[in-house]
Amino acid sequence: MAASAGPALSREEVDRALARLGAERDAVESALLSLQDHPGLRLLDGAGLTGRTQERWSVVGQGLPLLWALFDRYSEALASARAVRARKARPGGPELAELSELLTGDAVTVPGGAPDGPQRLGAPARLVERVSLDELMERMNSWYATVLEVVSAADAVWTALPARIDLLIAELRRVQTLAASLGVRSGTHPLGDDLEALDADLEGLRTEVRTDPLALWRPARVPAQRGTVPDGGAPGLPSGVVDTERFDRAGRALDGVRQELENLLRLRDDAEERLQGVGDLLQRADATLAEARRARGEVLAKIAATEVPAVPGPASALRERIVLALDLRQNGQWYRLAPLLDALEDAAAKELARARQSLTEVTQPLAVRAELRGRLDAYKAMAARLRVSEDPVVVERYEKARWLLWSAPCDLRAAAGAVARFQQALRPAPGEPGAGTGAAEPGGSGYGGGTGYGGAGSSAAGYGGAVQDRIERDGIGLGGAAAGGEPTDGQAVDGRVQGG
């Protein structure tokens with residue numbers, strides 16, 4: 001039995017209710033027509049669904065036919081109320097009571113198969129039930145929101161992802177072609193295995209997007225409020241986002257493989273030049289070692305009492321690795337050549353540095369001798385300026401130092417001491433202008449004072465001792481190549497220093 005509608009409505013209230021319900025009825029009709037033409041609905045009806053989408057659509061898909069059925073009942077009840085209202089321009093009490101029952105009471109009979117709200121979709125329902133027009137509108141609104149949510153979510157996924165999958169697969173095919181040209185294949189190289197796994201993942205994603213779009217949909221944390229049908233019947237936007245995490249991960253993985261393959265491609269183009277560069281470095285290292293061996297023999301012949309380091313041999317193991325690199329290049333095994341070539345370039349550069357260091361160490365005694373000879377010539381010029389070049393002590397010490405420096409084998413320790421003693425013998429003659437005032441040293445500023453002879457900063461005064469200390473402390477230290485001409489080694493130097 002229908003529930004009582006309560007107090008009868010006035011004529012004005014009846015007219016306002018009829019106008020409101022009529023507007024709502026038109027809005028529902030417009031919304032249902034838009035939903036029926038929704039592209040997502042057409043795709044859901046025609047797709048072979050699986051998984052979560054199949055499960056939900058098997059229930060929600062019943063909603064659109066049910067909505068039309070409820071709408072028809074709503075329209076029939078509203079039409080009946082309008083017919084009663086149209087009997088009289090000024091309806092009396094019986095008409096107002098009947099209209100109140102039709103407009104506010106449980107006067108609409110609906111199928112019992114229509115559950116009470118979407119939260120009970122698929123639940124058992126009564127065979128028939130009677131509801132009011134407002135309750136029927138709420139039920140249609142609830143059904144409409146449920147169907148629209150599923151349809152819009154599926155459409156959002158189908159709109160966003162298929163084109164992206166096609167782009168990823170097209171890029172994958174291009175990268176696979178590049179990999180094949182470099183000899184990178186599945187089972188022989190990790191990059192080939194990665195490409196095969198990406199191919200399987202993308203094909204699986206393509207199938208999932210087509211058959212189970214709701215698996216790639218993430219609803220909003222707060223569900224959309226289920227209110228009335230939107231004005232004008234326009235479908236609302238889905239409340240959620242498309243899940244692109246797996247697509248993003250696949251895209252990043254594909255970019256990583258592509259970059260590694262492009263590195264291999266650059267290696268293929270540059271391998272010959274880089275191997276040639278390694279060979280050039282080793283040739284320069286061999287030439288430097290050969291020069292070091294020749295210089296070592298010269299040092300042993302010209303310098304006495306000197307420990308000359310041995311010269312290392314060529315790097316034969318490095319040449320064996322170069323042969324392996326050539327074989328890998330010939331066979332197109334670029335992924336194995338890449339780390340080997342990097343190691344070869346580093347080893348060849350170190351080999352050249354080792355050879356240069358060996359040459360520097362071997363020729364150090366000759367550099368020290370050349371430095372002492374230069375000092376001796378500078379002090380000779382100083383003696384001439386100081387007008388002490390004819391002094392017997394000066395002449396004797398100069399010839400002693402010169403004899404030691406230009407004889408073979410040369411005793412560097414003795415020569416350094418002789419040069420120091422010659423420098424110490426340089427004193428201005430009594431009565432000369434420089435006496436007591438300090439004459440200029442080579443490169444110095446005076447002979448007496450802070451930088452002159454005997455001063456704390458005198459480079460000339462301390463040179464012999466410094467070289468001597470350097471030889472005794474470190475052996476023969478680092479230095480440059482010999483400078484200036486020299487008489488034939490092994491001949492004693494005769495004659496005397498000429499006055500300036």
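Predicted model: local features only at pLDDT ≥ 70, side-chain atom pairs only at ≥ 80, totals over all residues.
A crossing of two helices is left-handed if the near helix is turned anticlockwise from the far one by less than a right angle. Two packed helices are described by the angle between their axes and the distance between the axes. For helix α9 (residues 245–302) and helix α10 (residues 316–330), the angle is about 165 degrees and the axes lie 11 Å apart. Angles over 145 degrees count as roughly antiparallel, and α9 and α10 are therefore roughly antiparallel to each other.

The residues that bring these two helices together can be followed along each partner. On the α9 side, the contact involves Ala 271, Glu 272, Leu 275, Val 278, Leu 282 and Asp 286. Facing them in α10 are Leu 318, Arg 319, Ile 322, Ala 325, Leu 326 and Arg 329. Sorted by class, the residues of the contact of α9 with α10 comprise 8 nonpolar and 4 charged, with no polar ones.

Helix α7 (residues 162–181) packs on helix α8 (residues 190–211) at an angle of about 160 degrees, and the two axes are 10 Å apart. Here too the angle settles the orientation: α7 and α8 are therefore roughly antiparallel to each other. Their crossing is left-handed. From α7, the contact draws on Pro 162, Ile 165, Asp 166, Leu 168, Ile 169, Leu 172, Arg 173, Val 175, Gln 176 and Ala 179. From α8, the partners are Leu 195, Leu 198, Asp 199, Leu 202, Glu 203, Leu 205, Arg 206 and Val 209. The contact of α7 with α8 counts 12 nonpolar residues, 5 charged residues and 1 polar residue.

Rolling a probe the size of a water molecule over the atoms shows where empty space is left. In this structure, the search returns 1 cavity of 30 Å³ or more. The largest cavity holds about 50 Å³ of space. Its lining is made up of Arg 52, Arg 56, Glu 149, Val 150, Ala 153, Leu 214, Trp 217 and Pro 219. At least two lining residues come from each of α3 (51–60), α6 (133–160) and β3 (217–219). Among the contributors, α6 gives the most, with 3 residues. The class make-up of this lining is 5 nonpolar and 3 charged residues, with no polar ones.

Notes: Residues numbered from 1 in each chain as written. Heavy atoms only, no water. Axes fitted to C-alpha atoms, helices over the stretch in contact; angles between N-to-C directions. Helix = DSSP H or I, 4+ residues; strand = E, 2+ residues; numbered from the N terminus. Parallel < 35°, antiparallel > 145°, perpendicular 65-115°, else oblique. Contact = heavy atoms within 4.5 Å. Nonpolar A, V, L, I, M, F, W, Y, C, P; charged D, E, K, R; others polar. 1 Å grid on protein atoms, 1.4 Å probe; cavity = no way out; pocket = protein on both sides within 12 Å on 5 of 7 lines; lining within 4 Å. Points joined across faces, edges and corners; volume = space filled by probe spheres on them.
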